[in-house]
Amino acid sequence: MMMMMFNLAVAVPQPTMLNPAIQAICDATDYPALCQSSIIPYLDGHTDPASVLIMHILAGIHTTKEAIQIAKHALPSATHYDAQRYEVCLDTYDSAMDSWKSAIRSTKAGKGFEVANDLSAVASMISSCDDAFTDDDPTVPNQSPLGQIDQLLLHMDSNCLAIHLKAFPDSN
């Protein structure tokens, strides 16, 4: 069950017909198909940007939980050096979870600037995991079992930052 969302999001299937307001919000992101497929499980009848942002953040939380499970599964058979890398990722995923959850609280409180800070922290945390496997070299792709889900999380976070601009246009 945990891998279901990750597999769906990676495949980015064409979603069912979404409300035009939600479609327009997702179309304004860098990864509209990912936006659409990610929020489908969280549709609740609300179509305003703040509600869509919360839906996408919830999808990010779910995917981060999956990343944690992948890292925990890989840890026992990892070399000592890779085990240290997985530990870095587990720590950063925990921090990302805190930031995702804080972004929901800030969204509900109408604190756009704090939402942006929380979402930027998510990107930083996920990037730190990637850096652990690439030795901070941006030209080296992350070939670890976490590379693909980290990229997915960064795309989801990018979408959330774009939706944030619609939900809080005055917070720039």
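## Helix 4 and helix 7

In this predicted model, the axes of helix 4 (residues 49-74) and helix 7 (residues 147-167) approach within 9 Å, crossing at roughly 165°. Because that angle is over 145 degrees, helix 4 is roughly antiparallel to helix 7. The crossing of these two helices is left-handed. Sorted by class, the residues in the contact of helix 4 with helix 7 comprise 15 nonpolar, six polar and two charged.

## Helix 4 and helix 5

Helix 4 also packs against helix 5 (residues 80-108): their axes come within 10 Å and cross at roughly 165°. Helix 4 and helix 5 are therefore roughly antiparallel to each other. Here too helix 4 makes a left-handed crossing, in this case with helix 5. The contact of helix 4 with helix 5 contains 17 nonpolar, three polar and five charged residues.

## Two residues of helix 4

Thr64 lies in helix 4. Its relative accessible area is 0%, which means that Thr64 is buried. Apart from neighbours within four places in sequence, Thr64 is in contact with Tyr93, Met97, Trp100 and Leu153. Of these partners, Tyr93, Met97 and Trp100 fall within the residue range of helix 5, while Leu153 falls within that of helix 7.

Ala50 is likewise part of helix 4. With a relative accessibility of 21%, Ala50 counts as partly exposed, because the buried class requires a value under 20%. When neighbours within four places in sequence are set aside, Ala50 contacts Thr107 and Ala167. Thr107 belongs to the range of helix 5, and Ala167 to that of helix 7.

## Helix 3

Helix 3 (residues 32-39) is mostly covered, with six of its eight residues buried. The buried residues of this helix are Leu34, Cys35, Gln36, Ser37, Ser38 and Ile39.

## Confidence of the prediction

The protein chain has an average pLDDT of 90, and 90% of the residues score at least 70. Over residues 1-15, by contrast, pLDDT stays under 50. Where pLDDT is low, the predicted coordinates should not be read in detail.

Conventions:
Residues numbered from 1 in each chain as written. Predicted model: local features only at pLDDT ≥ 70, side-chain atom pairs only at ≥ 80, totals over all residues. Heavy atoms only, no water. Axes fitted to C-alpha atoms, helices over the stretch in contact; angles between N-to-C directions. Helix = DSSP H or I, 4+ residues; strand = E, 2+ residues; numbered from the N terminus. Parallel < 35°, antiparallel > 145°, perpendicular 65-115°, else oblique. Left-handed = near helix turned anticlockwise from the far one by under 90°. Nonpolar A, V, L, I, M, F, W, Y, C, P; charged D, E, K, R; others polar. Buried < 20%, exposed > 50% of the residue type's maximum accessible area, 1.4 Å probe, protein only. Contact = heavy atoms within 4.5 Å. pLDDT = per-residue confidence, 0-100.
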